[in-house]
Amino acid sequence: MDAVSLASWILGPLVGLMTLLFIFRIVLTWYPQINLNRLPFNLIAWPTEPFLVPLRKIVPPIGGVDITPIIWVGIFSLLREILLGQQGLLTIFAHTH
């Protein structure tokens, strides 16, 4: 297995998992009374919070709604497409070598 295949094999599921966690995080924003420090919610909050904290300093809540998880879904979707999509960098590089 070459480096490009290994990178694709690792990045694909990782980016997919992070996208899924941020989608779950979006749903959790609809229920502000949920304690994110308790199971099973901390399994969603723990990996996503380090991404959300710096972005919250730049993008304030709109109408009291935290939109930063939505932004991260877009970022991870774009990243997946740029790296792993049909015309993605890793995909093209894997086909040329």
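Student: Where is Pro 40 found?
Tutor: Take the two helices on either side (DSSP runs of H or I, at least four residues, numbered from the N terminus). H1 spans 3–29, and H2 spans residues 42–58. Pro 40 is found in the loop between H1 and H2.

Student: What kind of model is this, and what pLDDT do local features need?
Tutor: The model is predicted; side-chain atom pairs count only at pLDDT 80 or more, totals for chains, interfaces and linings use all residues, and local features need pLDDT of at least 70. Residues are numbered from 1 along each chain as its sequence is written, and side-chain values use heavy atoms, without hydrogens or water.

Student: Is the peptide bond from Leu 39 to Pro 40 cis or trans?
Tutor: Look at omega for the bond that runs from Leu 39 to Pro 40. Omega is near -5 degrees. The Leu 39 to Pro 40 bond is cis.

Student: At what angle do the axes of H2 and H3 cross?
Tutor: H3 covers residues 68–84, and its axis comes within 10 Å of the axis of H2. Axes are fitted to C-alpha atoms over the stretch in contact, with angles from 0 to 180 degrees between N-to-C directions. H2 and H3 cross at roughly 115 degrees.

Student: Why is H2 roughly perpendicular to H3, and which residues of H3 does H2 meet?
Tutor: The crossing is at roughly 115 degrees, and that makes H2 roughly perpendicular to H3 (65 to 115 degrees; under 35 is roughly parallel, over 145 roughly antiparallel, the rest oblique). From H2, Phe 51, Leu 52, Leu 55 and Arg 56 take part. They meet, with heavy atoms within 4.5 Å, these residues of H3: Thr 68, Pro 69, Ile 71, Trp 72 and Phe 76.

Student: H3 and H4: roughly parallel or antiparallel?
Tutor: H4 runs over residues 89–96. The axes of H3 and H4 lie 3 Å apart, and the packing angle is about 15 degrees. H3 and H4 are therefore roughly parallel.

Student: Which residues of H3 and H4 make the contact?
Tutor: The pair packs at about 15 degrees. H3 contributes Ile 82, Leu 83 and Leu 84. H4 contributes Leu 89, Leu 90 and Thr 91.

Student: How far apart are the axes of H1 and H4?
Tutor: H1 and H4 pack at an angle of about 150 degrees. They are therefore roughly antiparallel to each other. Their axes are 9 Å apart.

Student: Which residues of H4 does H1 meet?
Tutor: Start from the H1 side, which supplies Val 4, Ala 7, Ser 8 and Leu 11. In H4 they meet Leu 90, Phe 93 and Ala 94.
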